[in-house]
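Please consult the sequence and structure shown below alongside the text.

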Amino acid sequence: MENKKIIWVMAATMLLTISCALQPAKAKKSDGQTNRSQIKESVDYKVKKANKGEDKTIEAWLAEGKSLKSSDNMVLFYARKFINYPYVAFTLDQDLEESLVVNTKGVDCTTYVEYVMALTICTRRNLTSFDDFCRVLSHVRYVDGKVAYTARQHYFTYWISDNIHEGLVANVTLPPSPLSKTRVPHVDYMTKHVESYKMLNAHRQWLPEIKKMENKVNNTSFTYIPKGQLKDSNKYRKYIKDGDIIGIVTNKAGLDISHVGFAVWHKDGLHLMNASSLHKKVVDEPMTLYQYLQKQTSSEGIRIVRIL
């Protein structure tokens, strides 16, 4: 962060849903054409459409996605739908009770990734309705699709773990050291800063469940690319593909991953497409990812996962 205000914004916003990487079981291989029955029906939940016509927007995008060629990058097709949309923090935490929030007109880094991922999965599985999208989104955002605050994957480690468990993403295998490193995360930000979380502060009886989530994260490890190695990002071209999800590993106390977005290759190397609190909108970051990370003094590198 380039100044104290930016540091606070990045820390506060990314905490809500971002976390680093549980060491999950291996995901099943998939060609992306999984039968819809593999995403089971979610527990009953309330959908909160933040803007009028959210259902029509989603269904129109899904209709466009059906016409994509096999050579088109589906993840980036949907990711670009949000370019220049405003960055808005805390969209999942406006109320005191949990609901499945759909807000395509204002996103933070995590909700941006979640909406693009849900759209991609729907298209790959020939799911075309808003109800289908909500069902997929509930599994992307919550453990087993259970829409509850204590089941929301607040730390991105937990997010990755559950989405691998459900066969929605897979870890990207990285080359050995020194091109990669192993990290054991230590997260406790939520339980140490309860007042920063509107719903949690109002329902402190949920704290034991959040602590269990933190303990699960802390009993794992993950592999990541040190940011210094990205100076010549071309050596990772055969490992990182356009549309892969990038999680920025942080050394901030109590956190694991501070920001997320999508990998985009340009002529000068690897870039990050993301909902940016710095630009205050969704951008294809003009700086290379290496240059971007040099400005983020708390960043240590990146973790990569791929949507199935």
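Two residues are in contact when heavy atoms lie within 4.5 Å. By this criterion, residues 24 or more positions apart account for 73% of the contacts in the protein with a separation of 6 or more. The model is predicted: local features need pLDDT of at least 70, side-chain atom pairs count only at pLDDT 80 or more, and totals for chains, interfaces and linings use all residues. Residues are numbered from 1 along each chain as its sequence is written, and side-chain values use heavy atoms, with hydrogens and water left out.

**Overall composition**

- The protein has 10 helices and 10 strands; these are DSSP runs numbered from the N terminus, with helices (H or I) of at least four residues and strands (E) of at least two.
- Of the 308 residues in the protein, 58% are buried. Buried means under 20% relative accessible area, exposed over 50%, and partly exposed in between, with a 1.4 Å probe and protein chains only.

**Packing of helix 4**

- Two packed helices are described by the angle between their axes and the distance between the axes. Axes are lines fitted to C-alpha atoms, for helices over the stretch in contact, and angles run from 0 to 180 degrees between N-to-C directions.
- Helix 4 packs against helix 6 at an angle of about 10 degrees, and their axes are 13 Å apart. The two helices, helix 4 and helix 6, are therefore roughly parallel to each other; angles under 35 degrees count as roughly parallel, over 145 as roughly antiparallel, 65 to 115 as roughly perpendicular and the rest as oblique.
- In this pair, Thr-110, Val-113, Glu-114 and Met-117 in helix 4 meet Phe-156, Trp-159 and Asn-163 in helix 6.
- The axes of helix 4 and helix 5 come within 9 Å and cross at roughly 130 degrees, and these helices are therefore oblique to each other.
- The contact between them involves residues of helix 4 including Thr-111, Tyr-115, Ala-118 and Cys-122, and residues of helix 5 including Phe-133, Val-136, Leu-137 and Val-140.

**Helix 9 and its buried face**

- Helix 9 (residues 207-218) has 12 residues and reaches 16 Å from its first C-alpha to its last, close to the 16 Å expected at 1.5 Å a residue. The expected span is 1.5 Å times one less than the number of residues.
- Ile-210, Met-213, Glu-214, Val-217 and Asn-218 are the buried residues of helix 9. Seen down the axis of helix 9, these buried residues fall within an arc of 135 degrees, so they line one face of the helix; the arc is that of the directions from the helix axis to the C-beta atoms.
- Their cover includes helix 6 (156-165), helix 7 (189-192) and helix 8 (198-202).

**Backbone features in loops**

- The peptide bond from Ser-177 to Pro-178 is cis, with omega near 10 degrees. Pro-178 is placed in the loop between strand 3 (169-171) and strand 4 (181-183).
- Asn-126, in the loop between helix 4 (109-124) and helix 5 (130-141), has a positive phi of about 60 degrees although it is not a glycine. Asn-126 is exposed, with a relative accessible area of 53%.
- Asp-144, in the loop between helix 5 and helix 6, has a positive phi near 55 degrees and is likewise a residue other than glycine. At 36% relative accessibility, Asp-144 is partly exposed.

**Surroundings of Tyr-239**

- Tyr-239 lies in the loop between strand 5 (222-226) and strand 6 (245-250).
- Leaving aside neighbours within four places in sequence, Tyr-239 is in contact with residues including Val-172, Leu-174, Pro-175 and Arg-306.
- The C-alpha atoms of Tyr-239 and Ile-304 are separated by 9.2 Å, although these residues are 65 residues apart along the chain.
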